[in-house]
Amino acid sequence: MPTPITHPSQWGEPAIASSDIQLLVLDIDGTIAGVSNQITQSVKEAIAAVHRKGIPVAIATGRMYRSALRFHQEIVSPLPLIAYQGALIKDPATETLHYHTPVASEIALELLDYFDDSTVRSQLSVHCYIDDCLYVRELTPDSQAYGDRTGVTPIPYGDLRPLIAASAPTKLLALSQNTALIDELLQAFSLRYPPTELYLTKSHTTFLEAGNPAVNKGAAVRYLAEDILGLSAGNVMCIGDNFNDVEMLDYAGIGVAMGNAPEGVKAVANWVSHSVEEEGVARAIEQFLL
C-alpha cells in the first residue's frame, strides 16, 4: 500500500546519475498535454526512445481513470495507471485493481457543507467521483468544459449527500474561475483538517481537490517503483507541472518541473524544463535519458 509522502525537498541538482534511471513517470495536463489536449509527435518520439532503452514509462495524474486511459495507451505504458492523484491504481492490461482509497464519507459530507454555503455556492462547481463516474450538483458551464476536455460526461445529480452517504467518493473537486476563492478555501480547509485527515491540493489554479490522507502521487509512484518493480527512489525520474506533483517530484531521484509550473513547484524540483507548449517533456528526456 502506498505510504504518504508529505515533506518536499529543497532546490538542488539531481542526486544521482541519469544512467541509474529505470522508471519514468509523467503527469498529463500541463506536462504531456497542453492546450491541444494531445501529446505532440516530438514528445511521443522521445517517450518511444525511452522505451527502446528498456525504461518503462508510467502515467500519474489527477484525472479519472477513464479519462487518463487514452494517454496511457498512447504512450504504450506497460505499467498500472495512477489516477485520481494516486487514489486509484489499476492495470489496464489485466484490469487488476492495485489500490483504491476514497475520501471518508463523513469528511466529504462536511466539505459539501462548505461548498453549499450561500456565500460561495454560486461561484463553485462541485464534482464528486464515485466508481469512475463524475457526479455534479448541476451542469454548470465550468463542469461542461471540464467534461469536454476530459472526455467524460458529467452526471447532474442535485443534492450529492445521499450519493456520498451511500458510497465514499474517490475524490471531491471544487472548480471556480475565482482563483482567490480557491486559495481561500484551500487555506481554510488546511487549517480545519490536518494532513492526517485530508489530502488537499491544487492541480490547476481553478481546481481545489480533496482526497484520502494516504493519497498523493509521491506515495503512488513509490508503490509502483518499490512494491511492483523492486526499484528505489534513485531509479525514478518524474516530470510534472503543478502542486499535485510536488510529492512525486520530491520522491524521485530526478524530479523535473515544467517551465509552466508555479514557482512553488519549481522550487522543489531538481531541474526545470521548457513549458508544455515548448515540448518540455521531450527536452527533459533528451537532457537526462537520451
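## The largest pocket

In this predicted model, the largest pocket holds about 680 Å³ of space. Its lining is made up of 36 residues, and those closest to the centre of the pocket are Asp29, Arg149, Ser203, His204 and Phe207. By residue kind, the lining of the largest pocket divides into 11 nonpolar, 14 polar and 11 charged residues.

Several elements contribute to this lining, with at least two residues each coming from α4, β9 (171–175), β10 (199–204) and β11 (207–211). Of the lining of the largest pocket, α4 provides the largest share, which amounts to five residues.

Arg137 is found in the loop that runs between β7 (133–136) and α4 (141–150). Because its relative accessibility is 7%, and buried means under 20%, Arg137 counts as buried.

The side chain of Arg137 is joined to that of Asp116 by a polar contact of 2.4 Å, and the Arg137 side chain also reaches the backbone oxygen of Arg121 at 3.4 Å. When neighbours within four places in sequence are left aside, the residues in contact with Arg137 are Phe115, Asp116, Arg121, Leu124, Val126, Tyr157, Gly158 and Leu160.

## Cysteines

A disulfide is a covalent bond between the sulfur atoms of two cysteines. The structure holds zero disulfides, and for Cys128, which is in none, the nearest cysteine sulfur is that of Cys133, 10 Å away.

Cys128 counts as buried because its relative accessibility is 0%, and Cys238, also at 0% relative accessibility, counts as buried.

How values were computed
Residues are numbered from 1 along each chain as its sequence is written. This is a predicted model: local features need pLDDT of at least 70, side-chain atom pairs count only at pLDDT 80 or more; totals for chains, interfaces and linings use all residues. Side-chain values use heavy atoms; hydrogens and water are left out. Helices (H or I, at least four residues) and strands (E, at least two) are DSSP runs, numbered from the N terminus. Buried means under 20% relative accessible area, exposed over 50%, partly exposed in between (1.4 Å probe, protein chains only). A polar contact is a pair of N or O atoms within 3.5 Å; within protein, one must be able to donate a hydrogen and the other to accept it, and residues adjacent in sequence count only if both atoms are side-chain atoms. Contact means heavy atoms within 4.5 Å. A disulfide is a pair of cysteine sulfur atoms within 2.5 Å. On a 1 Å grid over the protein atoms alone, a cavity is a set of points where a 1.4 Å probe fits but cannot get out, and a pocket is an open set with protein on both sides within 12 Å along at least five of seven lines; lining residues have an atom within 4 Å of a point. Grid points are joined across faces, edges and corners, and a volume is the space filled by probe spheres set on the points. Ala, Val, Leu, Ile, Met, Phe, Trp, Tyr, Cys and Pro count as nonpolar, Asp, Glu, Lys and Arg as charged, and the others, Gly among them, as polar.
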